[in-house]
Amino acid sequence: MHVDRFERYWMWAASGMLVLFLGAIVITAFAGSAHPPSHVETVNPDTIRVAGEFAAPGVAAGPDGGVTVTMRAEFYVFRPEVIRVPAGKPITFRITSPDVLHGFQIVGSNVNLTVAPGYVSETTATFTRPGEYLIVCNEYCGLAHHLMQGKLIVEAAQ
Ligand code: CUA
């Protein structure tokens, strides 16, 4: 089969670029240890339901006035399903999964986490506007993914 000289050059050039770009992805994944976009904190997903902070998820006030919300995202439910937090205070969400990849998005806010089993996803946000916020899972996690939702109730300061 006759392939024109310049066409051959371009085929080699395109193949070379593929190798170069794929190599860059592989090298940076290992050198930069690719991980979920959060701080890197690992947990054993097999035991989070029975031991440690995620066994009793909920809202806890810290000594500095901040609030920590510990949560589990698991097959088709957030635990706790309803969270009550005060307005105007920094709220730190710590969330992990015992099963598969889930999402944690508080609609109408900047809070949007990927929740991977084995990792703790953490972010801090302050809600100035009291009211109810819908929490949705935005990573496809199974047949009832579309039913997986929770509620954040931001209460006005007393
Ligand atoms: Cu959990 Cu989709």
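R5 lies over the face of F6, at 5.0 Å from the ring centre, where a charge is taken to sit over a ring if NZ of Lys or CZ of Arg is within 6 Å of the ring centre and within 35 degrees of the ring normal. The model is predicted, so that local features need pLDDT of at least 70 and side-chain atom pairs count only at pLDDT 80 or more, while totals for chains, interfaces and linings use all residues. Residues are numbered from 1 along each chain as its sequence is written, and side-chain values use heavy atoms, with hydrogens and water left out.

A pair of aromatic rings is described by the distance of the centres and the angle of the planes. The structure holds 6 aromatic pairs, for which rings of Phe, Tyr and Trp (its six-membered ring) must have centres within 6.5 Å, with planes under 30 degrees apart counted as stacked, over 60 as edge-to-face and the rest as tilted. The pair of F93 and F104 is tilted, because the ring centres are 5.6 Å apart and the planes stand at 50°. This pair links distant parts of the chain, since F93 belongs to strand β5 (residues 90-96) and F104 to strand β6 (residues 102-106), 11 residues apart; strands (E, at least two residues) are DSSP runs numbered from the N terminus. F93 is buried, with a relative accessible area of 1%, and F104 is likewise buried at 0%, where buried means under 20% relative accessible area, exposed over 50% and partly exposed in between (1.4 Å probe, protein chains only).

F127 and Y133 form an edge-to-face pair, with 5.3 Å from centre to centre and 65° between the planes. F127 is buried at 4% relative accessibility, and Y133 is buried at 7%. Ring pairs link F78, F93, F104, F127 and Y133 into a cluster.

In the loop between β5 and β6 lies S97, which is buried at 0% relative accessibility. The side chain of S97 reaches the backbone nitrogen of D99 at 3.1 Å, and a polar atom of that side chain lies 2.7 Å from the backbone oxygen of V100. Leaving aside neighbours within four places in sequence, S97 is in contact (heavy atoms within 4.5 Å) with residues including P45, I48, H102 and P117.

V82, in strand β4 (residues 82-86), is partly exposed, with a relative accessible area of 44%. The C-alpha atoms of V82 and L152 are separated by 5.9 Å, although these residues are 70 residues apart along the chain. Not counting residues up to four places away in sequence, V82 touches K151 and I153.

Key:
Helices (H or I, at least four residues) and strands (E, at least two) are DSSP runs, numbered from the N terminus. A polar contact is a pair of N or O atoms within 3.5 Å; within protein, one must be able to donate a hydrogen and the other to accept it, and residues adjacent in sequence count only if both atoms are side-chain atoms.
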